[in-house]
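Morning, everyone. Let me put the structure up, and then we'll walk through it piece by piece.

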2 protein chains.
Amino acid sequence: MEITFLGTGSGVPSKNRNVSSLALKMLQERDEVWLFDCGEATQHQIMNTTIKPRKITKIFITHMHGDHVLGLPGLLSSRSFQSGESTVELYGPTGLKEFVETTLKTTGTHLNYPLVYKPIKEGIIYQDQDIKVSAKKLKHGIPSYAYKIEEEDKIGPLLPDRLKELGVSPGPIYETIKNQSTTVLPNGTEVHRENVTGSDIPGKRIAICGDTKPVDSLAQWVNGVDVLIHEATFIEADDQLAKDYSHSTAADAARLAKQAQVSYLLLNHISSRYQQQILEEEKTRLQSIFSPLQFVDDFTEFTVK
Amino acid sequence: MEITFLGTGSGVPSKNRNVSSLALKMLQERDEVWLFDCGEATQHQIMNTTIKPRKITKIFITHMHGDHVLGLPGLLSSRSFQSGESTVELYGPTGLKEFVETTLKTTGTHLNYPLVYKPIKEGIIYQDQDIKVSAKKLKHGIPSYAYKIEEEDKIGPLLPDRLKELGVSPGPIYETIKNQSTTVLPNGTEVHRENVTGSDIPGKRIAICGDTKPVDSLAQWVNGVDVLIHEATFIEADDQLAKDYSHSTAADAARLAKQAQVSYLLLNHISSRYQQQILEEEKTRLQSIFSPLQFVDDFTEFTVK
Ligand SMILES: [Zn+2]
Ligand SMILES: [Zn+2]
């Protein structure tokens, strides 16, 4: 799984940072891209990446503020124009359907693919055999959510030495053995998968948080994720501004990362008031709270491993 | 009056051309900027110009297709964020108010200035002592309009020689004489302005057309304008595509410009399928129909004179 940050600013676009969006690319795993938030000009940002809009199958909206959703109608429309034909599922809070439907209706837009609305509440909002997505409410004036994406653990690799002991040579039989719990060989031997594979490969776990002030119960919910993506609208010196606007500071996010013992912290939704130099100094300070962490930029790529 | 083209593409944004918008800058005349259409990421384009969103006082929408309006909520919202406080008037067809109101409502957006909706129909839609705007219906599947902006003729310059003959020396009295039709001098002499000014300075006239197939009656309506801005989604070789999609070819626009005896033709709303080389060849061909003309690009500036 790879993450491409498409917009890492807050509130309004600036020359350096567009408004919020990020792509979770699962091309190897399932040939799909999932989008989280879709601020204005997300489709323009995508033009500068290798992402194909028709591969986008699910879009998750953290909250309905304009800097997180205004790019949705244009993206959906262009995806249709660029021959996207597969269903798109839209996950998000109340208001999302009314916003999208009214926009499509008043602009006379007809999509060449089905759009399915998935209103969310806390708990599991999507699950298939490979992946699970849950939502948790945050605190931001209007309903705002964090999403947690959890891959199922995968069966470990076949162990050729063990198989050899059972008289199995490499070949198509390997695939058969891996795909079922017990395989009966032509000679009658039963091969139990659990005996010929290494330990399970843990699935990746990612948490993507919408705009929020610090939420006590969040640490437990994101506990141990491989990557925590959290807003850092302000630096700690501007703590009062964060409080005034129901946002977090970078230090709030770092404390959460520490408490939740996550593996990596990525900070986005950064106010355009901060120059790169300020952010580098803040990063140095934050590392006494938690590490590794990174302020991300538009087009930052991150591989989850 | 100066025109800045903010988006000159058609349908979907491309790397070279954003979707539709142009700014009519009347900073010297009235310290205002008027926007015509506002496709997605118009506010991003504006960031690359000297235009200040708070100077935008009127926005005219030619038609409700997404590539002409989806940037409106974001622009209005950022204008508020950037301390725009003066009223914005929104002129456009049915659906504009529902689109904007629903978008602002569902995204929890509060503007710090009044928004006034001005639904349009054919005829004069705005008039003050300096300028008049009229609308005319075009043909594009959904209601689409052309806008004509006509400055009032201005009183010609004072003629110092004539004034001297009447015993008037340069001074504040000049301004008084220019501002009223008759001025009585301290010595009792009546000065009639019409006798001491040169001929009227004709006001500039600009026509900005929305998406349309050729419309017979348009030539008379735009007759003699200083600048005709017209869509040229296709080149003449793709005439059938233009017909299929209710658009015009560049040649359609050139024939209109010739018939209407306009002074200058600016072609916008250009399909991204055409490379610059193709457009240059088309321009050469078109010049046998009408000249001067120009395919405009994003950020092309044009001074109306
Ligand atoms: Zn935000
Ligand atoms: Zn158009």
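Start with helix α11 of chain A, residues 250-259. Helices here are DSSP runs of H or I with at least four residues, strands are runs of E with at least two, and both are numbered from the N terminus. This helix is mostly covered: seven of its 10 residues are buried. Buried means under 20% relative accessible area, exposed means over 50%, and partly exposed is in between, with a 1.4 Å probe and protein chains only. The buried set is A250(A), A251(A), D252(A), A253(A), A254(A), L256(A) and A257(A). What covers them? The cover includes helices α9 (218-221), α10 (239-244) and α12 (276-286) of chain A. Strands β13 (227-231), β14 (265-268) and β15 (293-295) of chain A contribute too. Contact here means heavy atoms within 4.5 Å. Just past α11(A), Q261(A) takes a positive phi of about 50 degrees.

A word on the ground rules. This is a predicted model, where local features need pLDDT of at least 70 and side-chain atom pairs count only at pLDDT 80 or more, while totals for chains, interfaces and linings use all residues. Residues are numbered from 1 along each chain as its sequence is written, chains are lettered from A and ligands numbered from 1 in the order in which they are written, and side-chain values use heavy atoms, with hydrogens and water left out.

Now the metal in chain A. Which residues hold the zinc ion (ligand 1)? The protein donors are D67(A) and D211(A) through OD, plus H68(A) and H269(A) through NE2. They lie 2.1 to 2.4 Å from the zinc ion. Donors are N, O and S atoms within 2.8 Å of the metal (3.2 Å for Na, K and Ca), and water is not among the atoms, so sites may look incomplete. Along the sequence, the spacing reads D-H-x142-D-x57-H. D211(A) sits in the loop between β12 (205-209) and α9 of chain A, and H269(A) in the loop between β14 and α12 of chain A, so this pair ties together parts 58 residues apart in sequence. D211(A) is buried at 3% relative accessibility. H269(A) is also buried, at 3%.

What about the geometry? The four donor atoms around ligand 1 subtend angles of 89 to 164 degrees, which makes the arrangement irregular. The rule: four donors are tetrahedral if all angles lie between 85 and 135 degrees; four are square planar and six octahedral if opposite donors are over 155 degrees apart and all others between 65 and 115; anything else is irregular.

Over to chain B. The zinc ion (ligand 2) has D67(B), H68(B), D211(B) and H269(B) as its protein donors, 2.1 to 2.4 Å away. The angles there run from 89 to 165 degrees, so that arrangement is irregular as well. H68(B) is buried, at 2%. H269(B) is buried, at 4%.

Next, the sheet in chain B. It is open, with seven strands in the order β7-β8-β9-β12-β13-β14-β15 and mixed pairing. Two strands pair if DSSP finds at least two bridges between them. β7 (123-127) and β15 (293-295) of chain B stand at the edges with a single partner strand each, so one side of each has no neighbour in the sheet. The twist averages 20 degrees from one strand to the next. Inside the sheet, β12 (205-209) and β13 (227-231) of chain B run parallel, paired over three bridges. I208(B) stands opposite I229(B) there.

Back in chain A, look at strand β1, residues 2-7. Five of its six residues are buried, so it is largely enclosed by the rest of the structure. β1(A) pairs antiparallel with β16 (301-303) of chain A over three bridges, and I3(A) stands opposite F302(A). Five bridges join β1(A) to β2 (21-26) of chain A, also antiparallel. T4(A) stands opposite A23(A) in that pairing.

G7(A) belongs to β1 of chain A. It is buried, at 2%. Beyond its neighbours within four places in sequence, G7(A) contacts N18(A), V19(A), S20(A), S21(A) and D298(A). Its C-alpha is 7.6 Å from that of D297(A), 290 residues apart along the chain.

Last, how do the copies meet? 100% of the interface residues of chain A are also interface residues in chain B, so the copies meet through the same surface.

Definitions and conventions:
Axes fitted to C-alpha atoms, helices over the stretch in contact; angles between N-to-C directions.
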